There are 2 protein chains.
Amino acid sequence: MATQQLATWAVNLQYANFTAPVIAAAVTSLYNWAGCAIGGYQQTAPGIALNATSPHFGGPPTSSILALANDSTQTDAQIAAFINGIAGHVDDYDDTHLATIIHPTGTVASALLAVAEWKGGVNGSEFLTAFIAGVEAELKLGLSVWPQHYDVGWHDTSTTGSIGAAVAVSKLLGLDVPTMQQAIGIACTQVIGMQEFFGSDTKSFHIGRAAQGGMIGALLAQSGFTSSLQGLEAQFGWVHVVSTRENVTAEFDTLGQSWEILSNTFKPYPCGIVMHPSIEGAIEVQSTALGKGLNMSDITSVQARVNPETLVLTGQTDPETGLEGKFSVYHGIAIGLLFGEATPSQFTDAIVTNSTVVALRKLVNVTTDASVREDEAYVSALFKDGTNVTQHIDHVIGSLDNPLSEAQLKTKFIGQASLVLGEARAEKAYEAFTNIGNMSDVSTIAQFLIVVGNSALQYDYANLRS
Amino acid sequence: MATQQLATWAVNLQYANFTAPVIAAAVTSLYNWAGCAIGGYQQTAPGIALNATSPHFGGPPTSSILALANDSTQTDAQIAAFINGIAGHVDDYDDTHLATIIHPTGTVASALLAVAEWKGGVNGSEFLTAFIAGVEAELKLGLSVWPQHYDVGWHDTSTTGSIGAAVAVSKLLGLDVPTMQQAIGIACTQVIGMQEFFGSDTKSFHIGRAAQGGMIGALLAQSGFTSSLQGLEAQFGWVHVVSTRENVTAEFDTLGQSWEILSNTFKPYPCGIVMHPSIEGAIEVQSTALGKGLNMSDITSVQARVNPETLVLTGQTDPETGLEGKFSVYHGIAIGLLFGEATPSQFTDAIVTNSTVVALRKLVNVTTDASVREDEAYVSALFKDGTNVTQHIDHVIGSLDNPLSEAQLKTKFIGQASLVLGEARAEKAYEAFTNIGNMSDVSTIAQFLIVVGNSALQYDYANLRS
């Protein structure tokens with residue numbers, strides 16, 4: 001009955017059910033994602049995907065690609081969801097639900113915003129209600145199959161995300177319970193995302209494609225297309241096919257009682273989250289070493305002791321591209337020591353292949369220790385003169401116990417968005433997304449993002465609507 | 001190295017490598033599928049899918065929906081592949097590779113024909129070469145994970161089919177080996193299709209969506225989008241994530257040595273293939289009984305002894321729709337006994353819920369016997385007067401040992417296509433598809449299919465390009 005249970009909860013969900021912290025967490029999740037979806041457009045993946053699809057497969061323009069939002073560059077809702085989904089994840093800078101390592105906002109928001117713009121007349125409360133329904137759906141589902149589903153190699157952000165997107169879009173469209181069950185079924189049968197593709201353009205493709213898959217599920221179900229009323233729990237349905245463990249009914253029993261979105265966290269660094277404590281440790285080591293008058297070029301070896309999952313997910317020793325660098329704890333430690341920061345600028349192809357960075361990376365030795373938590377790390381650097389500088393990160397910044405402040409989140413947003421929109425429009429975009437819950441029509445949001453001739457973009461405007 | 005091995009083989013494949021039987025099998029596979037894709041449009045699923053997508057997400061018209069092919073109803077290649085994929089499978093009347101129960105043509109042909117029409121200038125030899133490359137890829141891959149992958153609940157037709165479609169479209173586009181590897185990777189990470197959705201519209205959605213997924217993989221890779229060079233064999237890649245068993249290198253070693261397309265079979269009945277022997281048995285029982293002057297309304301009980309897989313896949317005792325009837329051996333036996341045939345007309349909602357059919361269905365008892373082969377069945381009917389009529393089907397019609405003749409295949413094609421195109425155009429379509437290997441430009445094929453005002457179609461023409 002899990003599918004019916006989920007659909008029943010989502011159909012009955014109302015804005016009045018939310019506490020203030022739930023609403024605040026939803027708004028933060030959305031604007032943090034929007035900043036990523038704007039800034040992420042500086043990577044090549046979203047532009048390649050847009051050029052390969054929109055001129056050939058784009059329908060009437062109704063929806064915004066956030067980084068390109070203006071009247072002449074809107075596209076259809078399917079392509080907008082696809083491109084925003086890619087752009088919002090490509091920097092590995094979006095949000096994280098730590099218990100499942102799911103990045104929950106991208107799939108749901110990409111689909112939902114595109115449909116809200118297309119359909120029009122969706123107010124902020126309706127939008128947030130649908131968004132929270134989708135996020136809770138994917139996260140409860142993710143918990144129900146964790147960690148077996150992840151351990152076999154699935155990228156659970158997208159495998160659960162298409163179902164979250166289907167729930168959110170179905171909610172926005174006002175589908176009834178059995179119709180939403182059919183939509184969930186169509187989403188269930190499209191399982192997108194494997195970990196082999198981490199470090200390539202395809203990792204962010206997962207989010208865009210899952211958003212499309214969930215959206216098409218809702219639209220087909222709305223039109224009477226049949227799938228199954230038990231897409232999740234049936235013997236040959238989602239849960240049993242993709243996981244050796246499930247307790248989906250138990251997790252769904254907590255829907256509306258415990259809100260997973262309250263456990264959502266926001267990254268200080270644009271890379272795999274399990275390497276964040278090591279990066280913060282390296283940054284602290286640099287700060288201390290510089291304070292002692294040491295020179296970072298005198299480092300002779302670096303030791304890090306980390307949670308075992310760190311090497312499973314970010315164990316690349318010799319990354320060759322910026323995207324690969326996002327999955328190399330060795331790279332993360334090296335740039336932390338050299339630059340004292342880890343921003344998108346330290347995860348470019350040029351920095352990843354820079355000879356100084358590469359040389360320091362080769363001095364980094366990482367050992368794993370199951371007693372070290374995932375938000376914890378020990379980093380030490382040995383210098384030529386025999387000095388050893390060690391730092392212990394107990395709760396990494398960005399973790400639940402040490403979250404980014406509102407000011408830090410704003411700085412992060414402006415830092416990303418201004419790269420594409422310029423400073424003034426980035427401020428406007430920040431105002432718009434932080435105010436999304438109060439809008440009378442969410443489709444007006446694109447007006448805040450209008451780009452006027454930004455030469456930094458790799459996208460060929462002339463080609464878009466040919 | 002499996003991904004590279006597959007791509008290397010496909011890139012180097014030439015028309016001259018094919019024996020005459022391989023070419024003949026490819027052409028038969030294609031025209032058998034085309035008949036299904038035309039006739040299948042009488043079901044509701046393709047029209048619902050078209051109406052839910054094309055008006056909103058359809059790009060410039062370049063490619064044909066076979067049942068609707070004429071200048072004003074072309075759509076873009078993604079939507080054409082989607083709709084032809086659905087229409088070609090919705091009747092469960094397409095081809096079957098018995099060793100994997102994969103229906104190989106739908107995914108590959110849907111994607112390939114749409115791209116060939118879009119790009120233009122593809123001759124028949126090039127088209128067949130790309131088609132065979134895709135079919136061999138998906139079937140060798142299917143063999144490498146059979147039966148574990150299927151037994152867990154995946155619909156292997158579509159899970160392997162997206163990869164076959166990626167190989168075929170990549171071949172048509174002339175991608176080099178590493179680029180085709182990237183395309184295969186993008187297809188790998190989109191796993192479409194679970195058995196829970198058999199008997200619903202979503203079963204055929206699997207084929208359309210997998211065709212789209214493979215096509216987008218090839219197009220993105222062509223544009224420089226990265227995925228992985230080891231999408232199939234990597235620890236967290238396709239083979240290990242979706243199956244507990246793999247021997248993909250061993251299967252790929254036989255590429256070009258043994259041709260799987262030579263083992264492709266064509267269905268005499270539009271339903272799950274494992275119930276075919278029972279249907280033929282029932283038809284034979286009717287023929288014998290009528291010859292003895294018996295009345296089918298005097299049947300008091302029916303016994304069938306079948307291979308165990310029959311009840312696993314077609315064990316529905318109380319189907320309520322035409323699509324569900326396709327997965328009910330009980331329905332198949334009932335209509336065989338009552339109508340002496342099993343055509344699309346016996347798998348409508350009306351016939352499945354007809355009281356005479358339902359009453360006879362309830363008299364059918366099916367037992368399984370592992371010593372009965374999958375192409376074998378025993379069916380017997382007991383009549384009021386005590387007469388027992390029994391038939392043993394040793395090799396069901398349509399099996400490798402008892403294939404449909406060319407004349408029977410033509411009758412099947414015309415029977416399907418004439419429902420939509422009318423008799424005269426159905427003949428033309430038959431000529432076109434059987435001649436596809438000799439065409440100088442495959443994109444001209446749509447000219448043979450032009451529909452002029454066919455009121456039998458449920459599709460709303462006026463709405464298509466609004």
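1. **How the copies relate.** Chain B can be laid on chain A with an RMSD of 0.1 Å, by a turn of 180° and a shift of 0.0 Å along the axis. The two copies are thus related as by a two-fold rotation axis. The same surface serves both of them: 100% of the contact residues of chain B recur in chain A. Please keep in mind that this is a predicted model.

2. **Helix 3 of chain A.** This helix covers residues 44-57, which makes 14 residues. From its first C-alpha to its last it reaches 20 Å, close to the 20 Å expected at 1.5 Å a residue. The helix also has a kink of about 30°, centred on A:Leu50.

3. How many of the 14 residues of helix 3 of chain A are buried? The count is 11, so the helix is largely enclosed by the rest of the structure.

4. **Helix 4 of chain B.** Here the helix runs over residues 77-89, and its 13 residues should span 18 Å at 1.5 Å a residue; the end C-alpha atoms are 18 Å apart, which agrees. Helix 4 of chain B is mostly covered, with 13 of its 13 residues buried.

5. **The cap on that helix.** Which residue caps the N-terminal end of helix 4 of chain B? That residue is B:Asp76, with a side-chain oxygen 2.9 Å from the backbone nitrogen of B:Gln78.

6. **A:Gln212.** You will find this residue in helix 10 of chain A, residues 201-222. A:Gln212 counts as buried because its relative accessibility is 6%, under the 20% cut-off. Leaving aside residues up to four places away in sequence, A:Gln212 touches A:Gln78, A:Ile79 and A:Phe82, and also B:Arg209 from chain B.

7. **A:Met275.** This residue sits in the loop between strand 3 (264-266) and helix 13 (276-291) of chain A. Is A:Met275 buried or exposed? At 0% relative accessibility, A:Met275 counts as buried. Beyond residues up to four places away in sequence, its contacts include A:Thr310, A:Thr314, A:Phe327, A:Val329 and A:Phe347. By way of a distance check, A:Met275 and A:Gln14 are 261 residues apart along the chain, and their C-alpha atoms are separated by 38 Å.

Terms used: Residues are numbered from 1 along each chain as its sequence is written. Chains are lettered from A and ligands numbered from 1 in the order in which they are written. This is a predicted model: local features need pLDDT of at least 70, side-chain atom pairs count only at pLDDT 80 or more; totals for chains, interfaces and linings use all residues. Side-chain values use heavy atoms; hydrogens and water are left out. Helices (H or I, at least four residues) and strands (E, at least two) are DSSP runs, numbered from the N terminus. The expected span of a helix is 1.5 Å times one less than its number of residues. The bend at a residue is the angle between axes fitted to the seven residues ending there and the seven starting there. Buried means under 20% relative accessible area, exposed over 50%, partly exposed in between (1.4 Å probe, protein chains only). A polar contact is a pair of N or O atoms within 3.5 Å; within protein, one must be able to donate a hydrogen and the other to accept it, and residues adjacent in sequence count only if both atoms are side-chain atoms. Copies are superposed by least squares on the C-alpha atoms of residues with pLDDT of at least 70 in both. Contact means heavy atoms within 4.5 Å.
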